[in-house]
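Here's a quick briefing to read alongside the model. Have the sequence and the 3D view open as you go.

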Amino acid sequence: MTVESTAARKPRRSSKRASAAGKPQSSEPQLVQLLTPEGVRVEHPEYDIDLSADEMRGLYRDMVLTRRFDGEATALQRQGELGLWASLLGQEAAQIGSGRALRDDDYVFPTYREHGVAWCRGVDPTNLLGMFRGVNHGGWDPNTNNFHLYTIVIGSQTLHATGYAMGVAKDGADSAVIAYFGDGASSQGDVAESFTFSAVYNAPVVFFCQNNQWAISEPTEKQTRVPLYQRAQGFGFPGVRVDGNDVLACLAVTRSALERARRGEGPTLVEAFTYRMGAHTTSDDPTKYRHDDERQAWEAKDPIQRLRTYLETEGHADAAFFAALEEESDTLAKRVREAVRAMPDPQDMAMFDHIYADGHALVDEERAEFAAYQASFAEEGK
Amino acid sequence: MAVQKLPLAKALNESLRKALETDPKVLIMGEDVGKLGGVFRITDGLQKDFGEDRVIDTPLAESGIVGTAIGLALRGYRPVVEIQFDGFVFPAYDQIVTQLAKMHARALGKIKLPVVVRIPYGGGIGAVEHHSESPEALFAHVAGLKVVSPSNASDGYWMLQQAIQSDDPVIFFEPKRRYWDKGEVDTEAIPGPLHTARVAREGADLTLAAYGPMVKVCLEAAAAAQEEGKSVEVVDLRSMSPIDFDTLQTSVEKTRRLVVVHEAPVFYGSGAEIAARITERCFYHLEAPVLRVGGFHAPYPPARLEEEYLPGLDRVLDAVDRSLAY
């Protein structure tokens, strides 16, 4: 390395830069917000939303129950009932806001942390736990709730969403498709390719990036030098950054993007600017790569507390509502706990099932061999 | 007229045309498949007749082609995607292996992935780097995929339609050096099952097993051996996943000798799998170890060396002699 190149690289490694790790590249530009962290309702010139008190209580309920489910799953992992859990703590508004913007005939392609979106789609939360317990790799029927299986390879599903949306357009349907992914996935080629394909074919798809600031231990600045929503411009479609901790803004922005898709105007990138309050999964330790003061700063922007403040200030919800919801949360947690513990291990022979739709000679042969092998123990036991 | 004499390329083109006519959910996707008709003209004239909605020119992005085909399949379409050349499939390998192959199982059978990935493969046409490879073993090794390769025009016509009708993802390897070889195609025949091997030539002393481009070489070798008084049977495997070991076993139990021939490198190649399985199944019948003839553990060489790299008549006959000498 030459002296010059070392010098050129130095500023990037300055303490000033290092302390900015995980912070936005630009300080929240054009962040669409309808509810401030203090719970104050504000207007936005392009996006607005008119919800009844009942609807707002519904959003609050969704977020509270999702958080409780998520917390219960984390606890179940700690108790050894789940092998792994990917918590959504802190991202409830991004998921509930976008999830409640969807119509029943829309189709969702999630990554592996969209427990709140799954909740909005009516997927039984206990279904999400099978893969984390290790009894299947998904298992639910994606077509029951138009909610595709969780995808673990980062960003792959954005192409599936784009292809599905191309099919929707071919069918002449007016439904839309939404693809969820994170800031880390934005670096994947598949995400760039999905942007290209969706733009070229004007596919009715909304790309919903939950920028939670961290891809395991890597901050967003290791993924991009420009704010993520600005990527869309280079592909020829609009990008918008929304306060991902503001459920009202997430709902309004996603609804608008979906309507645009339905009108045949093509894709939109929504960057929900949020924060992963917990670990990437239960197997990592965020204290090794980020400072606690960052988390504390984001706790002040908590999506649930801000809506609660608003509901209380406006008199949209009373103590009885919150108490009833607390009770409902307890019931949900109990149901989830019992369901996980009762979840049967798959049968030995299940590993040979559903590999092929039309069958495969080798699978048949190996299934028979393994069955005979297993049976030999039963005979010994007699 | 039901029986026509067609080059493999035209037979594949006719097969795609038939599939597009028969099922409105069938789509053709790939780079240059529209106006150009593909670099090998396999999709020639199809966009003109079926429109840009059915025969789709795609951006130059292989992962995007396969990834969006998966999405279209989830929507109920039956995409047939073209990868321009064997060596260009690797950007799509992730989508094929981690998604296309596994999604049916992931959903416990509740969704189907009827996607065909067509890949012109193999050498012998004097091409530049990445245009002559034989990566079939990389795909056959992956559960959830089916892998086939026709060796002649009739199989090209029928196997492609069967692959499109399959509810499983099929990797369809087309032997590009055989695209211009003519053969009889009976468009009204009743084809055999897609994954059944075919005895291409009867013989008594030794079995040559091959697929795709090497079937022709093996048939020529068998004819040459005949002149020396050796009776060689040739089995065209047609499918690399699954492999029809029953047909092959029947042949080897008769001839007691097996030589497997393919263009791909021998090391970890499909010949290794075939040799191991046949040794297991035919241990007491074999008069000689199963021998393999194929490419070397070297990158596919520049075109001026490919005739040395590819198994030719002499290398096959040499293996025949070695087997018979045991």
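How many salt bridges does the rule count over all chains? The count comes to 51, and keep in mind that this is a predicted model.

**Where chain B meets chain A**
- Together the two chains bury about 3500 Å², with 58% of that on carbon and sulfur atoms.
- Pro59(B), Arg75(B) and Arg106(B) stand out here: they supply 18% of the area that chain B buries against chain A, more than any other three residues.
- The contact draws on 46 residues from chain B and 43 residues from chain A.
- Polar contacts link 22 residue pairs across the interface, counting pairs with both residues at pLDDT 80 or more.
- On the chain B side, β3 (55-57), α3 (62-74), α4 (90-100), α5 (103-106) and α10 (270-281) each supply at least two residues.
- The largest share of that side, ten residues, comes from α3(B).
- By class, the side of chain B that touches chain A has 18 nonpolar, 14 polar and 14 charged residues.

**Salt bridges between the chains**
- Six salt bridges are counted between chain B and chain A.
- One pairs Glu365(A) with Arg277(B), with the closest N and O atoms 3.5 Å apart.
- Both of those residues belong to a salt-bridge network that also takes in Glu366(A), Asp246(B), Glu273(B) and Arg281(B).

**Salt bridges inside chain A**
- Asp106(A) pairs with Arg262(A), their closest N and O atoms being 2.8 Å apart.
- Because Asp106(A) sits in the loop between α4 (92-99) and β1 (107-109) and Arg262(A) in helix α11 (residues 247-262), this pair ties together parts of chain A that are 156 residues apart in sequence.
- Asp106(A) is buried, at 0% relative accessible area.
- Glu265(A) and Arg263(A) also form a salt bridge, at 2.9 Å between the closest N and O atoms; Glu265(A) is partly exposed at 36%, while Arg263(A) counts as exposed at 53%.
- Asp48(A) meets Arg41(A) at 3.4 Å, N to O; Asp48(A) is partly exposed at 45%, and Arg41(A) is partly exposed at 24%.

**Helix α9 of chain A**
- Just after the helix, Asn202(A) takes a positive phi of about 55°.

Definitions and conventions
Residues are numbered from 1 along each chain as its sequence is written. Chains are lettered from A and ligands numbered from 1 in the order in which they are written. This is a predicted model: local features need pLDDT of at least 70, side-chain atom pairs count only at pLDDT 80 or more; totals for chains, interfaces and linings use all residues. Side-chain values use heavy atoms; hydrogens and water are left out. Contact means heavy atoms within 4.5 Å. Buried area is the accessible area (1.4 Å probe) that two parts lose on being put together, summed over both. A salt bridge is a side-chain nitrogen of Lys or Arg within 4 Å of a carboxyl oxygen of Asp or Glu. A polar contact is a pair of N or O atoms within 3.5 Å; within protein, one must be able to donate a hydrogen and the other to accept it, and residues adjacent in sequence count only if both atoms are side-chain atoms. Helices (H or I, at least four residues) and strands (E, at least two) are DSSP runs, numbered from the N terminus. Ala, Val, Leu, Ile, Met, Phe, Trp, Tyr, Cys and Pro count as nonpolar, Asp, Glu, Lys and Arg as charged, and the others, Gly among them, as polar. Buried means under 20% relative accessible area, exposed over 50%, partly exposed in between (1.4 Å probe, protein chains only).
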